[in-house]
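Here is a short report on a protein model. Look over the sequence and the structure first, then read on.

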Amino acid sequence: MFVKQIDMAKALELAAKGMEIKVLAPIGQEGGWENLVPDTLQHMLEGVMFFRQEPALEKEILPAVSGDAPEPPVEKTLSDLTKELKQARPAAKGKLDVDIGKMKALREAGWSYAKIADEMRISEGSVYNYLKRAEEEER
């Protein structure tokens, strides 16, 4: 039988693939080769429990659970949700502040209405209407 020394990472990799790995293990005393006993990695690790540190468990992810039962979610009607949305997003006062000059330049550069709309973060129809009004005002 031919025996070749390998490092721990390789030994564990081969053991994970089911290959029997031979080891020389110390028998309790430090010293030279005379204090090492032949064994197999599988036999040495039999019954051993392995652990790894999980980063997600190092910090609290979920709030601590109290003895009280959680409150059930509140059912809301469509009108309630609409009111909340209007309160959270105040109505626009006047028109949006849109750079029509930029729109004109992009259109003259060959951009489509859809591409300009994406760039300006407005609808394609708004781009068309702004450019149409700007053209009418120039006449």
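Predicted model: local features only at pLDDT ≥ 70, side-chain atom pairs only at ≥ 80, totals over all residues.

Glu138 forms a salt bridge with Lys104, with 2.4 Å between the closest N and O atoms. Glu138 lies in helix α6 and Lys104 in helix α4, so the pair ties together parts that are 34 residues apart in sequence. A salt bridge here is a side-chain nitrogen of Lys or Arg within 4 Å of a carboxyl oxygen of Asp or Glu. Glu138 is exposed, at a relative accessible area of 56%. Lys104 is partly exposed, at 27%.

Residues are numbered from 1 along each chain as its sequence is written, and side-chain values use heavy atoms, with hydrogens and water left out.

## How α4 and α6 pack

Two packed helices are described by the angle between their axes and the distance between the axes. Helix α4 (residues 100-108) and helix α6 (residues 124-138) pack at about 95 degrees, and their axes are 10 Å apart. The axes are lines fitted to C-alpha atoms, for helices over the stretch in contact, and angles run from 0 to 180 degrees between N-to-C directions. α4 and α6 are therefore roughly perpendicular to each other. Angles under 35 degrees count as roughly parallel, over 145 as roughly antiparallel, 65 to 115 as roughly perpendicular, and the rest as oblique.

Which residues of α4 and α6 make the contact? From α4 come Ile100, Met103, Lys104 and Arg107. From α6 come Val127, Tyr130, Leu131, Ala134 and Glu138. Contact means heavy atoms within 4.5 Å.

## The salt bridges

A search of the whole structure finds 4 salt bridges. Three of them are tabulated here.

| Pair | Closest N and O atoms |
|---|---|
| Glu13 and Lys17 | 3.4 Å |
| Glu13 and Lys10 | 3.8 Å |

Lys10, Glu13 and Lys17 are linked in a network of salt bridges. Glu13 and Lys10 are 3 residues apart in helix α1, which means about one helical turn separates them. Glu13 is partly exposed at 36% relative accessibility. Lys10 is also partly exposed, at 35%. Lys17 is exposed, at 63%.

## A nonpolar patch

Met8, Leu12, Met44 and Leu45 make a nonpolar surface patch of about 380 Å². The elements giving two or more residues to the patch are α1 (8-16) and α2 (41-45). Patches are made of residues with over 30% relative accessible area and no salt bridge; like charges are joined within 9 Å, and nonpolar side chains (Val, Leu, Ile, Met, Phe, Trp, Tyr) within 5 Å. Leu45 is found in helix α2. Leu45 is partly exposed, at a relative accessible area of 30%.

## Two single residues

Is Ala117 buried or exposed? Ala117 is buried, with a relative accessible area of 5%. Its place is in helix α5 (residues 113-120). Neighbours within four places in sequence aside, Ala117 is in contact with Ile122, Ser123, Glu124 and Val127. The C-alpha atoms of Ala117 and Tyr128 are 9.1 Å apart, with the two residues 11 apart along the chain.

Leu24 sits in strand β1 (residues 22-26). Leu24 is partly exposed, at 46% relative accessibility. The C-alpha atoms of Leu24 and Thr40 are separated by 8.1 Å, and the residues are 16 apart along the chain.

## The whole chain

The protein has 6 helices and 2 strands. From the N terminus on, the elements run α-β-β-α-α-α-α-α. Helices (H or I, at least four residues) and strands (E, at least two) are DSSP runs, numbered from the N terminus. Of the 139 residues, 14% count as buried. Among contacts between residues at least 6 apart in sequence, 25% join residues at least 24 apart. The protein exposes about 12,900 Å², and carbon and sulfur atoms supply 56% of it. Accessible areas come from the Shrake-Rupley method with a 1.4 Å probe; for residues, only the protein chains shown count as cover.

Terms used: Buried < 20%, exposed > 50% of the residue type's maximum accessible area, 1.4 Å probe, protein only.
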